[in-house]
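Please keep the sequence and the model in view while reading.

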Amino acid sequence: MAGAIPSCVFCAIAAKSTSDNTLLHSDDKVVAFQDINPSAFRHYLVVPVAHIPTVKDLQRKTDDHSLVNHMLEVGKTLLLRDAPQCQQYRFGFHQPPLNTVNHLHLHCLALPYTPRWRSIKYLSFGPLGFIEAEKFLEKIKPLSTFQ
């Protein structure tokens, strides 16, 4: 696996070299699994197979935009399959320095939060805190070369 970091827990999960998590989804770009410390009724993480430290390492490039879009589509598909009764979903990323693992991961949450106080972890504080996936996709949308 190109770009894997031996000490990175998410790289190990993506390489399927750990039995700690059951994968909910796996393809050549991403893997998805349950968060080990869930903050909502359903809480999944979608992680790229390639090691990308944080959202700050993504740019306005077609490949980066496509990856994040794919991560979001996988997360939506899983939550709609596993928690169709939920009326509210959230998808997004923690931004440095508030991310806990230095490997890009999309939080996919089927609300309500459990316990309720955990919603604090998913507030946006401008350039810090949590950024919604759709908002982040707009931020890294490639600039058109045709005007």
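The model is a predicted one, in which local features need pLDDT of at least 70, side-chain atom pairs count only at pLDDT 80 or more, and totals for chains, interfaces and linings use all residues. Residues are numbered from 1 along each chain as its sequence is written, and side-chain values use heavy atoms, with hydrogens and water left out.

**The sheet**

Helices (H or I, at least four residues) and strands (E, at least two) are DSSP runs, numbered from the N terminus. Seven strands make up an open sheet with antiparallel pairing, in the order E1-E2-E3-E5-E4-E7-E6. Two strands count as paired if DSSP finds at least two bridges between them. E1 and E6 are the edge strands, each pairing on one side only. Between E4 and E5 the antiparallel pairing runs over four bridges. Tyrosine 89 stands opposite alanine 110 in E5. In general, strands of a sheet pair through backbone hydrogen bonds, either parallel or antiparallel.

**Helix H2**

Which residues of H2 are buried? They are Asp64, Leu67, Val68, Met71, Leu72, Val74, Gly75, Leu78 and Leu79. Here buried means under 20% relative accessible area, exposed over 50%, and partly exposed in between (1.4 Å probe, protein chains only). Seen down the axis of H2, the buried residues fall within an arc of 160°, so they line one face of the helix; the arc is that of the directions from the helix axis to the C-beta atoms. The face turned away from the buried side carries the exposed residues Thr62, Asp63, Thr77, Leu80 and Arg81. The buried residues of H2 pack against E1, E2, E3, E4, E5 and H3, where contact means heavy atoms within 4.5 Å.

**The nonpolar cores**

A nonpolar core is a set of buried Ala, Val, Leu, Ile, Met, Phe, Trp, Tyr and Cys residues joined through side-chain atoms within 4.5 Å. The largest one has 27 residues, and Val46, Met71, Phe93, Leu106 and Phe136 have the most contacts inside it. H2 provides the largest share of this core, seven residues. A second, separate core of eleven residues includes Cys8, Leu45, Val49 and Val101. Among the residues that valine 46 touches are Met71, Val74 and Leu106.

**Loop residues**

Serine 39 lies in the loop between E2 and E3 and is buried, with a relative accessible area of 0%. Asparagine 99, in the loop between E4 and E5, counts as buried because its relative accessibility is 13%. Both residues take part in side-chain polar contacts, as the table shows. A polar contact is a pair of N or O atoms within 3.5 Å; within protein, one must be able to donate a hydrogen and the other to accept it, and residues adjacent in sequence count only if both atoms are side-chain atoms.

| Side chain | Partner side chain | Distance |
|---|---|---|
| Serine 39 | Arginine 118 | 3.5 Å |
| Serine 39 | Tyrosine 122 | 3.2 Å |
| Asparagine 99 | Asparagine 102 | 2.8 Å |

The peptide bond from proline 96 to proline 97 is cis, with omega near 10°. The bond from threonine 114 to proline 115 is also cis, with omega near -15°.

Terms used: Lists of a residue's contacts leave out its neighbours within four places in sequence.
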